[in-house]
Each structure stands twice: as structure tokens, then as C-alpha cells.
Amino acid sequence: MTSNDTRAFGTRITLACCAALLGVSSASAQTVQTSAEKVQALKASSARGIALEPLALGSFSSDTVYTPVTPCRIVDTRVAGSGGPLTANTTRTFDVDGTTFTSQGGFNGSCGVPLGQAAAVAMTITSVSPAGPGVFVAWGLGTKPNASALNFTANQIIANTTIVPVVPGAGADFSIASTVNSNVVIDVVGYFAAPVATALDCTSVASAVTPVPYNAYTSVDAICPAGYTVTGGGTFPTEGTLGRPNIWTDGSPTAPNGWRTWVDNQTGSSRTVQTYARCCRVPGR
């Protein structure tokens, strides 16, 4: 093993590769042999003033959310009328967001992937009794990639769960190709789609009706329930009129999580004020 190499969990990796991922130069990388030593090396780099900033994660062009579904069969080429086994070195396209999959040998009904919304689908792809050793390739409807979704040997029944980009909407959504004749079985287990906007769960709470002495600056608080965040507030006209001459109010959020009204009563006598807070949360949290 050279000075530029190390081993972690039995896998040979280069420090140049790790340094690039961590945003440091190869010259700054240290030879590390265990996870504990790796942590110590990172601490040492930080102490020397080397910035360890991770590369950007996720997609700059899309923001998708994973939704699991009950495993559901969309393809089974062993079933009569499904088109039969895949033929060596040919491509076949399949639907994933339809309302029935009987023509593909699958379930007679929806498998939970909404029409025209999924950007990618998590699916378990199974080869059944292939004619020889080979691979399945799975992708959308464009150019076939040079990467396998499943490798197999002759007469083997073997499965792999993978994520396949799709072209959603009516008709075919994705492609499968095999290097040898083989039956294929495909079960959907989830999908990735753009998040759906959800209305906030909001409620209003009020303070007790609070006496406000004359010529005094008094605070009156309304506190949100646990799990809610204050989004606004104000005061109620507790004395039966919207006009309250010589009562000056100012409001703002206050700790721990509510709305505070400051009241300056210049009416010449004691009055009453009630504060309300508008409190919201994301549903389900």
C-alpha cells in the first residue's frame, strides 16, 4: 500500500479522492486506517484552519419527495398476454402510473403512483430463468445508459431494488433491456415527486380580559398551544366598541411563543383589554 492509499472496512480508497470530497487538497490529507483515526484527522485539519466544507447536496433543478407505496406488481412477463419474456438485446417499455397493468402481466388496478407526477420510481426488478448470464438495464424513455440495474446467471431467480427515472404520463414511462432472453417481474415500492403544498393548521387563542390601569404601560399576553408557532396577533375590543379613544396599543411576538400587546391607557379611568394570537403549525407535526 502506498503512502497515498489507505484501507477502510476492507476497501482500498485513495486519499486524493477523499480530499476532493471533503474540499481539502491532497497535500493536506493524512493517511487514515480506521474510522476513529479519520475523525482525529478531520479535527486536526480543522485546528490548522483548513476549511472542511461538504460539496453541495441534492439537485439544483428539482426538489422531490419520496412516497412509499404498498408493494404492487406492474410487470410479470410470465403471465399470458403480457408480451412474453424479454428478447436478448432489445428494449421494451412499460407503464408505471396507470390505472391497470394487466397488459403487462401486473395488477388490475392502480399501484399508487399518481398519473403524470413521478420523476423516479423505486422498484424491485426480478429476473426469472434467464437463458444465460446477463444484465437488465432500466431507464426512462431516452438513450439507454451504460449501467446495469440487475446482474444474473443462467436460470437464476434474483431481484434488486433500484430507483429508475421515469417519464410520467399516459402510455409508457420507462424502459427495460436485457442482454439475454429472460422473464422479468417488477414490483413498485415507492416514487419520487415534487412536494404538494399543504395548508397550515391554524388556530386563534386569547388572553383573559385584563384590567388596564389609567396612566400605566401594561402588557397583555396570549400564548400559543404547544407545537404551534405564533404568526400574528392583536387586541379585541372587550368593551363592545371598536373605538377606544386615548387607549394606545402596540403588539409584537413574545417568548415563549405568543403575542404581547402593550397598552397605554390615557382615558382617565381603568379599562379592559384582551390580546389574541394567531398560531399555526405544519399539519401532522
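A salt bridge here is a side-chain nitrogen of Lys or Arg within 4 Å of a carboxyl oxygen of Asp or Glu. The model is predicted. By that criterion it holds 5 salt bridges.

| Salt bridge | N to O distance |
|---|---|
| Arg73 and Asp187 | 2.7 Å |
| Arg78 and Asp76 | 2.9 Å |
| Arg260 and Asp221 | 2.7 Å |

**Arg73 and Asp187**

The closest N and O atoms of Arg73 and Asp187 are 2.7 Å apart. Arg73 sits in strand β3 (residues 65–76) and Asp187 in strand β10 (residues 183–193), so the bridge ties together parts that are 114 residues apart in sequence. How accessible is Arg73? Its relative accessibility is 34%, so Arg73 counts as partly exposed. Asp187 has a relative accessible area of 15% and is therefore buried.

**Arg78 and Asp76**

These two side chains meet at 2.9 Å, N to O. Is Asp76 buried or exposed? Asp76 is buried, because its relative accessible area is 6% and the cut-off for buried is under 20%. Arg78 counts as partly exposed, at 47% relative accessibility.

**Arg260 and Asp221**

The side chains of Arg260 and Asp221 form a salt bridge at 2.7 Å, N to O. This pair links distant parts of the chain. Arg260 belongs to strand β16 (residues 258–265), Asp221 to strand β13 (residues 217–223), and they are 39 residues apart. Arg260 is partly exposed, with a relative accessible area of 23%. Asp221 also counts as partly exposed, at 28% relative accessibility.

**The network**

Which residues do shared partners join into one network? They are Arg73, Asp76, Arg78 and Asp187, connected through salt bridges that share partners.

**Gln104**

Asp76 returns here as a contact of Gln104. Gln104 lies in the loop between β4 (90–94) and β5 (118–128). Its relative accessibility is 9%, so Gln104 counts as buried. Neighbours within four places in sequence aside, Gln104 is in contact with Ile74, Val75, Asp76, Thr77, Ser82, Phe94 and Asp95. For Asp95 there is a specific atom to note: the side chain of Gln104 reaches the backbone nitrogen of Asp95 at 2.5 Å. Gln104 and Gly84 are 20 residues apart along the chain, and their C-alpha atoms are separated by 9.2 Å.

Methods
Residues numbered from 1 in each chain as written. Predicted model: local features only at pLDDT ≥ 70, side-chain atom pairs only at ≥ 80, totals over all residues. Heavy atoms only, no water. Helix = DSSP H or I, 4+ residues; strand = E, 2+ residues; numbered from the N terminus. Buried < 20%, exposed > 50% of the residue type's maximum accessible area, 1.4 Å probe, protein only. Contact = heavy atoms within 4.5 Å. Polar contact = N/O pair within 3.5 Å; in protein donor to acceptor, adjacent residues only side chain to side chain.
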